[in-house]
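These are my notebook entries from a first look through this model. I kept them in the order in which I looked things up.

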Amino acid sequence: MTESAATTPAAAGEAGRRAHNGRKPESNGAAKSLRRRHHERRHKRHCRPGEEEEVEEEEEEEGRTASGDGSLYTRPFVESFEETPMLVAVLTYMGYGVLTIFGYLRDYLRHWKIERCYVAREKEEQKDFVPLYQDFENFYTRNLYMRIRDSWNRPICGVPGAKMDLMERTSFDYNLTFEYTGRVVPDVINLGSYNYLGFAENTGPCADSAAEVTMKYGVGVASTRQEIGNLDTHEEMEKLVAKFLGVESAMAFGMGFATNSTNIPALVGKGCLILSDELNHASLVLGARLSGSTIRVFKHNNMQSLEKLLREAIVLGQPRTHRPWKKILIVVEGIYSMEGSIVRLPEVIALKKRYRAYLYLDEAHSIGALGQRGRGVVDYFGLDPCDVDVMMGTFTKSFGAAGGYIAGKRELIEYLRSHSHSAVYATSMSPPVVEQILTSMKCIMGEDGTTIGCERVRQLAESTVYFRKRLRELGFIIYGNNDSPVVPMMLYMPAKIGAFGREMLKRNIGVVVVGFPATPIIESRARFCISAAHTKDILDRVIKCKAAVAWEPNKPLVMEEIEVAPPQANEVRIKVVATGICHTDSYTLSGSDPEGVFPAVLGHEGAGVVESVGEGVVKFQPGDAVIPLYVPQCGECKFCKNPKTNLCQKIRLTQGKGLMPDGTTRFSCKGKSLFHFMGCSTFSEFTVVAEISLAKVDRRAPLDKVCLLGCGITTGYGAALNTAKVEAGSTCAVFGLGALGLAAVMGCKAAGAARIIGVDLNPDKFPTAREFGATDVVNPKEHDGPIQEVLAGMTDGGVDYSFECVGNVAIMRAALEACHKGWGTSVIIGVAAAGQEISTRPFQLVTGRTWKGTAFGGYKSVDSVPKLVEQYLAKKLKVDEFVTHTLPFEKIADGFDLMRAGQCIRVVLQF
């Protein structure tokens with residue numbers, strides 16, 4: 001990325017440097033020339049003081065774009081043209097090489113009639129005539145373009161606004177022909193149309209005015225302006241255009257392409273020199289060629305290259321005769337529609353004045369789309385419109401109409417009215433189109449009595465900056481200026497051209513993809529066009545994805561396609577990679593959870609990657625590996641500031657109701673809102689969580705393993721280390737040898753417990769418990785007396801620490817009474833059903849036993865989970881051993897069955 005040095009105090013008056021398409025940055029020569037000329041003028045004043053007034057007038061006339069300190073720019077000028085990575089370039093060439101080899105193979109088969117050729121080619125009897133087709137272009141069309149032709153020319157059946165409807169089509173002959181299926185793809189987000197200010201609409205003032213004018217004037221005049229086709233609306237429109245641009249006069253034409261191609265030949269001819277930017281539009285190129293002028297091309301937006309050509313033109317003159325050129329015309333565009341770059345207009349004007357050249361500015365894409373008032377690139381840089389000799393623009397992009405205009409001095413327009421082919425021979429503009437231009441332009445100018453136009457200009461600028469920022473955050477390489485609504489995103493490889501367009505359409509997003517020969521062979525790209533009609537929500541896009549929805553309590557989960565809205569302020573949207581199935585999910589699904597609300601998306605033991613972030617989020621960015629947390633950590637509430645607890649109450653009220661912090665939900669399905677679960681909802685391909693309910697973890701960690709640190713392992717492990725604070729040499733008992741219990745066993749072992757007794761009714765779990773550190777195992781069914789008495793007998797009066805990991809109130813009592821009198825501590829980890837209460841004889845507590853509970857193992861969640869992940873990566877914490885089954889997300893019902901049958905420790909679902 002490069003920033004113009006003209007915007008920095010240290011380099012006032014100097015133009016910036018930029019790297020274009022892999023070239024080394026080249027110094028910009030305009031400012032150097034201006035400084036040298038300023039020095040020459042000062043020298044002239046010193047030598048000829050009598051001419052000081054004359055020189056000052058000359059300087060005022062020629063240096064209007066330069067500020068007092070010599071700076072040409074009044075705003076930052078930032079453009080990005082990242083060089084194609086070497087590996088990507090090599091692979092791209094290889095891709096085209098493979099396609100070319102297979103193309104020649106298929107041509108060989110076609111030559112011998114083994115494969116039929118459907119593409120037009122020369123007939124044998126025409127071989128002596130001038131060829132109609134260039135051989136390589138025909139080869140490219142046959143073998144490369146045809147394979148991805150479905151990515152272009154998609155038919156629409158509605159207004160190309162922020163969203164559009166597409167007609168579905170299919171091909172049975174490899175894209176040679178298409179057949180319509182009769183199905184319409186509705187509400188496709190339109191990121192491909194030039195509709196910068198959103199005036200392409202079939203309702204509202206523009207549409208109403210156009211309809212009214214149609215009834216009055218009809219749809220056409222069927223005559224030229226110079227005969228009987230000149231209407232009062234045409235003259236009104238041209239006066240309004242001139243007023244809009246701030247020039248003396250303007251004239252309109254019915255076709256934007258012809259505005260360039262037929263007017264440039266009227267302005268210059270033989271003996272004239274055209275200096276054209278290498279990336280100028282085809283209409284400018286055609287107009288230049290038709291003029292008969294000499295054409296020389298300068299490097300894109302490179303002022304050093306342009307000044308070199310100007311110098312040579314002045315010094316050397318015309319070829320052979322060396323006579324001075326009749327005219328020198330510099331031709332540039334405001335916004336270059338393939339690169340997304342903005343012309344360095346202040347420097348171009350400075351050079352134009354320096355060398356007495358003329359300037360032709362094509363504002364087809366910049367008029368309406370740039371500048372605080374929507375007046376184009378001249379307004380964007382705060383320049384004087386009179387410094388541009390010929391201002392050209394179109395009415396299609398920002399005004400939702402058709403045609404183009406030429407504007408400038410009155411003498412210029414009067415000359416073109418009599419000499420331009422379009423003015424003399426072309427049919428005058430359709431009255432409804434003229435009315436569309438009038439109404440939309442008045443709206444932009446505020447002459448309709450509203451601020452709608454100003455708001456659209458502002459919205460376009462904000463959406464452009466936001467969209468470019470989000471693409472960069474997602475890691476994409478984009479070209480162009482930060483303020484350009486044309487956003488090229490690099491794809492590079494040929495296979496990605498068609499694949500990207502098709503995959504976007506599957507997600508209801510319509511995009512334009514561009515490849516060779518429209519771009520350099522290694523710079524294929526997708527080209528997004530931002531509109532004022534695109535809201536932040538549309539740009540962020542509501543994601544449709546799979547989710548297991550709990551519609552009702554005690555009913556099976558249903559696999560549905562749901563909508564996941566963009567994250568709001570201080571929220572993060574995550575692409576879930578893997579999620580575990582916890583007993584708490586089953587407990588809530590059964591209807592026993594007093595906080596359970598339906599319909600909901602359950603799941604709370606997941607891990608994923610950040611897809612997007614809401615306003616105000618600074619700790620996370622797209623691509624971060626994260627684990628959602630059902631216990632948040634804001635660091636601000638009195639709970640977070642108290643070292644005695646790991647609870648946080650900042651969003652507890654809304655989280656307990658299944659809502660996001662703002663009291664709403666981000667999930668919907670079939671028109672109904674879905675509730676969140678424990679602030680996580682990981683039984684969905686995408687989920688939205690509060691920023692304070694998220695931990696960033698090391699990207700090296702396998703997310704299908706460390707997802708279990710979002711609940712079970714952390715809770716059991718921390719119960720021993722943090723809540724009970726097990727001491728070395730102590731005796732412990734763990735009731736329930738599921739994932740929670742095994743984690744508690746692991747925690748006791750890590751604390752140095754001398755004896756760890758595992759208690760469970762399922763003897764199949766005992767070998768695993770011993771692997772995790774249990775020294776003894778007990779099955780209550782094998783003993784006649786209560787389990788607490790059995791444990792007391794085994795440990796000379798009871799254990800030092802006990803852990804209840806089942807969620808059964810009777811076992812909670814047994815775990816307490818199994819503790820040693822005087823110092824025994826029992827920790828409740830399991831969650832009991834709604835309405836159940838624990839009980840014991842008060843004497844049990846009076847005699848020194850302690851009853852505790854734990855949530856998330858007493859860990860401060862945001863701070864601790866990344867540390868646990870580091871312990872896992874250092875092989876100091878078992879995690880892989882907990883995963884006994886890995887299933888695709890679609891088999892979530894099988895995962896619940898395995899858990900309920902006690903045939904697993906943890907089932908992990910992968911998306």
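This is a predicted model: local features need pLDDT of at least 70, side-chain atom pairs count only at pLDDT 80 or more; totals for chains, interfaces and linings use all residues.

**Two helices.** I began with helix α5 (residues 205–217) and helix α14 (residues 431–445), which pack at an angle of about 145° with their axes 8 Å apart. Helices here are DSSP runs of H or I with at least four residues, strands are E runs of at least two, and both are numbered from the N terminus. The axes are lines fitted to C-alpha atoms, for helices over the stretch in contact, and the angles run from 0 to 180 degrees between N-to-C directions. I noted the crossing of α5 past α14 as right-handed, a term used when the near helix is turned clockwise from the far one by less than a right angle. On the α5 side the contact (heavy atoms within 4.5 Å) includes P205, C206, A207 and Y217, while on the α14 side P431, P432 and E435 are among the residues involved. By class I wrote down eight nonpolar, five polar and one charged residues for this contact; Ala, Val, Leu, Ile, Met, Phe, Trp, Tyr, Cys and Pro count as nonpolar, Asp, Glu, Lys and Arg as charged, and the others, Gly among them, as polar.

Residues are numbered from 1 along each chain as its sequence is written, and side-chain values use heavy atoms, with hydrogens and water left out.

**An enclosed strand.** Next I looked up strand β15 (residues 486–492), where seven of the seven residues are buried, so the strand is largely enclosed by the rest of the structure. Buried means under 20% relative accessible area, exposed over 50%, and partly exposed in between, with a 1.4 Å probe and protein chains only. V486, P488, M490 and Y492 point one way from β15, and V487, M489 and L491 point the other way. In a regular strand the side chains alternate between the two faces of the sheet. Six bridges join β15 to strand β18 (residues 524–529) in an antiparallel arrangement, and V486 stands opposite C529 of β18.

**A sheet of five.** I then followed an open sheet with the order β22-β19-β20-β25-β26 and antiparallel pairing, where two strands pair if DSSP finds at least two bridges between them. At its edges stand β22 (600–601) and β26 (672–674), each with a single partner strand, so one side of each has no neighbour in the sheet.

**Cysteines.** How many disulfides does the structure hold? I found zero, taking a disulfide as a pair of cysteine sulfur atoms within 2.5 Å. For C648 the nearest cysteine sulfur, that of C640, is 3.6 Å away, and C648 is buried at a relative accessible area of 5%.

A cis peptide bond joins F516 and P517, with omega about 10°, and P517 sits in the loop between β17 (512–514) and β18. Another cis peptide bond joins F598 and P599, with omega about -5°. R356 is not a glycine, yet has a positive phi of about 60°; I placed R356 in the loop between α10 (345–354) and β11 (358–362), where R356 counts as exposed at 52% relative accessibility.
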